[in-house]
Amino acid sequence: MLTLTLDIGGTKLAAGLVDGDGGLVHHTHAATPGGDAEAVWTVLAGLIDDALTRAGGRVRAVGVGSAGPIDLTAGTVSPINLTAWSRFPLTERVSAALPGVPVRLGGDGLCMAMGEQWRGAGRGARFVLGIVVSTGVGGGLVLDGMPYQGRTGNAGHVGHVVVDPRGVACSCGGRGCVETMAAGPAMVRWARANGWNAPPDADAEDLAAAAAAGVPVAVRAYRRGADALAAAISSVAAVCDLDLVVIGGGVARSGPVLFDPLAEALTTYTGLSFLRGLRVVPARLGATAGLIGAARLAISAC
C-alpha cells in the first residue's frame, strides 16, 4: 500500500506516492497559480487525480504538509505566502477526494523534519529541529521520535523566534524575527541597503555567489543571517534539549557560505553543557523531504 502525500507552498504545489519504507515512487509538481482559492485548488486537485491514477487504488492514507499558519482542529490553512487561501478547508477538500481514507495535516516545516528524520540527515536522532531557510524561515519539531505539533499545529515556527527586539517589522506582525534577517529576500534587501551593487533581479543565490567570491557586503549579509539563525537554534535547543538540527531550503544550498559562519556563531550561543553535543547539518532530501515527511506523519496516525 502507498501513502499519498501533498506539499503546499506559495510558489509550488506537489504530490507524491510513498511506499512503506519511505521510498518516493511518484512525484509531480506544478506552479502555484495566481487567482482565487478555487484556482489553486483546481491545480492541486489535478495533481491528486494523477497520483490516484498511478496508485491504482492502493492508497492507505494521505499526508498533507502546508505552509502555515494551519489550524488542526478546523483542518484549515492560511499560508502567509498564499493569500488566496485564508482558512481554506484543506482537510475537508482532500477527504472528499478520497472518501474513507484518513487524512493527516501538518505544517511544511514539521513534514520536512519528519522526512529528514526518517530517510535523510536525521536518521536515528530522537530530538530534531528541522529548519527551512528560503523566502521565509520555517521549522518543525520531532521530539522523542514523534512529531510535535503543539496546540494548534504550529509548533516549531522557528522563523518567528525574536532575535532582535528592536529589529525591523516582520510579516507576522512582530518585530526582529529571525526571518527578517536570515531569509533569502531579507539578506538581499540588507545587502542592497549596505552597498551591494547587483542587478534588480538578483536573488539570494546571486548573493551567495558573491559571498563565495569574497564580496565583503555579501559575506557580511550571510554572516548576519547565520548569526540570527544561531541565536534562534540555541534558544530552541535549550528549551527542547535537541540532539540534531537539520537545515534545508534554497538558502541552505549555499553550503559553506552559510554553514561556516553558522558553526562559528553557534560556539557563542551554546555555552550550556548539554548543548555542546548539538549537531547542525545540511538536509539531504532536498525538495522531496516534505513529501516523504508528510507520509511519515500520516503513517504515524494510522
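## Terms and basis

A residue is called buried under 20% relative accessible area, exposed over 50%, and partly exposed in between, with a 1.4 Å probe and protein chains only. The model is a predicted one, in which local features need pLDDT of at least 70 and side-chain atom pairs count only at pLDDT 80 or more, while totals for chains, interfaces and linings use all residues. Residues are numbered from 1 along each chain as its sequence is written, and side-chain values use heavy atoms, leaving out hydrogens and water.

## Backbone in the loops

Arg87 is not a glycine, and yet its phi is positive, at about 55 degrees; with 67% relative accessibility, Arg87 counts as exposed. Arg87 sits in the loop between β6 (76-77) and α2 (90-97), where helices (H or I, at least four residues) and strands (E, at least two) are DSSP runs numbered from the N terminus.

Asp241, also not a glycine, has a positive phi of about 55 degrees and lies in the loop between α7 (216-240) and β11 (244-248); at 44% relative accessibility Asp241 counts as partly exposed. The peptide bond from Gly68 to Pro69 is cis, with omega near 10 degrees, and Pro69 belongs to the loop between β4 (59-66) and β5 (70-71).

## The five-stranded sheet

Five strands form an open sheet in the order β3-β2-β1-β4-β7, with mixed pairing, two strands being paired if DSSP finds at least two bridges between them. Because β3 (24-31) and β7 (103-107) each have a single partner strand, they stand at the edges, and one side of each is left without a neighbour in the sheet. Within the sheet, β1 (residues 2-8) and β2 (residues 12-18) pair in the antiparallel sense over six bridges, and Leu4 stands opposite Leu17 in β2.
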